[in-house]
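Here are a few notes to go with the model. Have it open while you read.

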Amino acid sequence: MNANGFAVDLVTSVGGNLGSVARSLTRLGVNFNAVDAGNPPDGSRPIILPGVGAFGAVMSSLRAGDFDQTISSLVKAGTPFLGVCVGMQILFDSSEEAPGVAGLGLVKGNVVKFTQGKVPQTGWNEVRPVNNTSWPSGFVYFVNSYYAKPDCANPESDSVILYEADYFGKFCAAVSVGNITAFQFHPEKSGEFGEGLLKRWVSDVV
Amino acid sequence: MLSSGLCKRIIPCLDVANGRTVKGVKFQNLRDIGDPVELAIEYQRQGADELMFLDISASREERSTVFDLVRSVAEHLAIPFTVGGGISKLDDVKKLLSLGADKVSINSSAVQRPQLIAEIAEACGSQCCVVAIDARKVGCEFSSTKSSTNRSDRPAWEVLTKGGSVSTGLDAWVWAQQCVELGAGEFMLTSWDADGTQEGFDIEMVLAFSGLPIPVIASGGAKNPQSFVDVFSLGQADAALAASIFHDGLFTVNQVKTTLKNEGITVRLC
């Protein structure tokens, strides 16, 4: 934790709404600094980006004031980054939800829609760690119609997947690559287990 | 066949009025059963997957207390929760969501003005728009001329509004299809034949609607853990909601889930 007492920078959603991740951080005793285009992060603290809404809408709100570029350059420079829900999806190159809209392209691959079952996937699903990581398996809360598909042509793609889960076939529920971690599910709405994951990320990076 | 992996959800329902929890039997004869925030935390501890807060306040003044309640619940709760009861305006929906509710449930107001569903879906996303349908079986021949053709061989249910006091003449199946088209995210289906009876969920009704493309939360009639086994295995519900059996302390959420797991139904045990 740095001198002014903030542990992490939390990107506020459109309209400045802090949302459920902020409340979760408060419960966990993690002091956060709310950031947006007008009050951008400077890379001195890890960044959390919770995305709510549609891929296209989140990208266009990020582009306002070139905030997307601020985020991208800080992440490329090594600032620890946690994306949540659509905050995970926008890390990829593109999404079927918004054809023609470029994502941040920080993780190779695209975001695709579930083709089976009730969509959006709504409820608790079990996530299993991939690649022998020390992250625990458990149940987390999902609300998503789309999921990220790390680039299969990329030989490193497998090592990118942190968690997988089943929704009429396996899908990527979380990624971890370098300083980037991202959850498709809502750790802040996933009870003690989910908040434990949030806490674990914070203690890893702060 | 590939499986979904998704857990069946158990949703305790807290009826609230003027900031306090009350319990309804056929939505009448209320009795105070305590502080909603304390109850919410207890249910989260027991393993509830979500919570439903149904505001049954009688007056506008009382109803405004729901905003403080939502703020307080959101501070303390780390599971999703839905707020319903008397919501008729998009502005109220936005306010409830900004205070921390994950979803809103609309009922009579949607029947009166179906476009409200589309407005919520457009502005806030389908995932937060739960349409509650109260219905009562009206036999195999639906009397209304509004009903579609080729369904005379099916059982039919009529939509009720205003806490069951108004018969709308609307075929619940036709209404449900319309809700899906308008952008509803989930259904909460309450059987007026089963509600408050504690004789088990209305399996026939739940099964009839479970094939809809959005999740169906079954409500009304939960008696014991076996009721939940039945509504998931026979009724194919995605989630089940109950009040009395949890409020009365007859069974904990965890006891219900343990029974479900023993019956091979996927649930989250914590």
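Among contacts in chain B between residues at least 6 apart in sequence, what percentage join residues at least 24 apart?

1. It comes to 66%, with a contact meaning C-beta atoms, placed from the backbone, within 7 Å. Bear in mind that this is a predicted model, where local features need pLDDT of at least 70, side-chain atom pairs count only at pLDDT 80 or more, and totals for chains, interfaces and linings use all residues. Residues are numbered from 1 along each chain as its sequence is written, while chains are lettered from A and ligands numbered from 1 in the order in which they are written.

2. Chain B has eleven helices and twelve strands (DSSP runs numbered from the N terminus: H or I of at least four residues, E of at least two). Of its 270 residues, 51% are buried, that is, with 20 or more other C-beta atoms, placed from the backbone, within 10 Å of their own.

3. Now look at helix α6 of chain B, residues 115-124: B:L116, B:I117, B:I120 and B:C124 are its buried residues. They lie on the same side of α6(B), because they cover an arc of only 105° around the axis (taken from the directions from the helix axis to the C-beta atoms). Their cover includes α4 (90-98), β7 (129-139) and α7 (172-182) of chain B.

4. Over in chain A, nine strands make an open, mixed sheet, ordered β2-β1-β3-β4-β12-β11-β10-β7-β8; pairing takes at least two DSSP bridges. β2 (32-35) and β8 (138-144) of chain A are the edges, each with a single partner strand, so one side of each has no neighbour in the sheet.

5. Within that sheet, β10 (161-166) and β11 (170-177) of chain A pair antiparallel over five bridges. A:Y163 has A:A174 in β11(A) as its bridge partner.

Conventions: A residue is buried if 20 or more other C-beta atoms lie within 10 Å of its own, exposed if 12 or fewer, and partly exposed in between; C-beta atoms are placed from the backbone. Two residues are in contact if their C-beta atoms, placed from the backbone, lie within 7 Å.
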